Number of protein chains: 2
Amino acid sequence: MSIQERRERERAERERLIITAARELAEAEGWEAVTIRRLAERVEYSQPVLYSHFKGKDAIMAAVAVEGFADLAAELRAARTAATDPRQALAVVSAAYTAFAERRSALYDAMFSHVVDLPFATPEAPPALHAAFGELSEAIRPQAGDDDLGLLTEVFWSGLHGLVTLMRGGRLPRADHDRRLALLISRFTRGSA
Amino acid sequence: MSIQERRERERAERERLIITAARELAEAEGWEAVTIRRLAERVEYSQPVLYSHFKGKDAIMAAVAVEGFADLAAELRAARTAATDPRQALAVVSAAYTAFAERRSALYDAMFSHVVDLPFATPEAPPALHAAFGELSEAIRPQAGDDDLGLLTEVFWSGLHGLVTLMRGGRLPRADHDRRLALLISRFTRGSA
DNA sequence: CTCCGATTGCTAGCAGTGCTAGGAACAAGA
DNA sequence: TCTTGTTCCTAGCACTGCTAGCAATCGGAG
């Protein structure tokens, strides 16, 4: 029993090593620089070993993404619980979201732009994803009024996502980001609170 | 003179042929299926010929994108001018935008997700891009109130872009799209008009 | 302590990618 | 007719994701 347990533990460790290496490499040089060969070299194993852990490169990105959801949820939660009134809570949570997307852009891409074979708007989605979504929901709940909260969260989330992706893609000038964010929030807080 | 003119004309024709082939192939099988080899085979020239027209694959995608902006601007304009009142105009323009992104998803990706070396929020941006942005601006102008129109357009555009990209990436359930769109519009029309 | 069998991880390779160097063939002007 | 310049192709480089098949290692049985 103990031997097999040790092997499984080592295997799990190595899996984490791969995921961490992928994330670090992606954050340093972007996802196009993350190749199986470079990852294998980095964790000091041959390429086929990586394929015994993950079905392919997409699966590695998905694993990195799942880690990212936990990070995002934590940062959103910290922002929300530090706020005093609901209006400010929405502002700081939104700021935390866009800051996360900017600061950890490769991670954000893995979560929201690249991988597709990850369940999202279903109960099978990773718990961390539900947690992050829940933080957004709580932040915007006071502004819901008669609107469906889940739907409103999705729409506001879309707004944040659109802002950061268009800005990061060079479609929107970076300078006006704060003004745009404030404008988005003002349109979602009118006539409530 | 005439010989050189003929050559330039033929060259321009061939360039259009390449762009069209790239767009058709992308719309049929997605951009990852568009390779220089397949394009070369399709236009019945060798690969280096394509490189004499475009610096690389990204440049081909950029050319396809520029074509796409013209199409999008035309569809938005048709929707806006067909509307009767401002409130409905914003609704039909928004619907036209998301329908375009859905129906011509590969083209939309080239325009808003992939290429970066294309100027956007500057005067050097392609005229068709300004035209499309202007249509959105006109549609939302009646809802601007005291807000800066350009900034508001960018924010509303971000909302639309977020909705379609998250939905197309499987992050939002397709079924509720119309309700989400209506909700977005309602948040941008309160207290005006 | 020895030997067998299964697991592990390697080398080598396939088919494909974007892109380019070099030369052949053709067309235009002297 | 010969030279010059352009056009375009063949062949190849360095790389990608991924896999087949073999060598070595290690755990358990006798």
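In which hand, left or right, does α5(A) cross α7(A)? The crossing of α5(A) over α7(A) is left-handed, a word used when the near helix is turned anticlockwise from the far one by less than a right angle, with right-handed used if it is turned clockwise. The rest of the picture is built up around this pair.

This is a predicted model, in which local features need pLDDT of at least 70, side-chain atom pairs count only at pLDDT 80 or more, and totals for chains, interfaces and linings use all residues. Residues are numbered from 1 along each chain as its sequence is written, while chains are lettered from A and ligands numbered from 1 in the order in which they are written. The pLDDT, the predictor's confidence in each residue on a scale from 0 to 100, averages 94 in chain A, where 96% of the residues score at least 70. For the model, ipTM is 0.93 and pTM is 0.94.

Chain A contains nine helices and zero strands. Here helices (H or I, at least four residues) and strands (E, at least two) are DSSP runs, numbered from the N terminus. The C-alpha trace of chain A spans about 60 × 40 × 25 Å along its principal axes.

Two packed helices are described by the angle between their axes and the distance between the axes. Axes are lines fitted to C-alpha atoms, for helices over the stretch in contact, and the angles run from 0 to 180 degrees between N-to-C directions. Helix α5 (residues 86–103) and helix α7 (residues 127–140) of chain A have axes that come within 8 Å and cross at roughly 150 degrees. α5(A) is therefore roughly antiparallel to α7(A), the term for angles over 145 degrees; under 35 counts as roughly parallel, 65 to 115 as roughly perpendicular and the rest as oblique. A:A89, A:L90 and A:V93 in α5(A) meet A:E135, A:L136, A:A139 and A:I140 in α7(A). Residues are in contact if their C-beta atoms, placed from the backbone, lie within 7 Å. By class, this contact has six nonpolar, no polar and one charged residues. Ala, Val, Leu, Ile, Met, Phe, Trp, Tyr, Cys and Pro count as nonpolar, Asp, Glu, Lys and Arg as charged, and the others, Gly among them, as polar.

Helix α4 (residues 57–82) and helix α5 (residues 86–103) of chain B pack at an angle of about 155 degrees, with axes 8 Å apart. α4(B) and α5(B) are therefore roughly antiparallel, and α4(B) passes α5(B) in a right-handed crossing. Among the residues that meet here are B:L72 and B:L76 in α4(B) and B:V92 and B:F100 in α5(B). The contact has 10 nonpolar, no polar and two charged residues.

Where the chains touch, chain B and chain A contribute 31 residues each. On the chain B side, α8(B) gives the most, with 11 residues. That side divides into 14 nonpolar, nine polar and eight charged residues.

A residue is near a strand if its C-beta atom, placed from the backbone, lies within 6 Å of it. Of the 16 residues around DNA strand C, A:S46, A:P48, B:T35, B:G56 and B:K57 come nearest. Around DNA strand D there are 16 residues, of which A:T35, A:G56, A:K57, B:S46 and B:P48 come nearest. The surface near DNA strand D has seven nonpolar, five polar and four charged residues.

Technical notes:
Contact = placed C-beta atoms within 7 Å.
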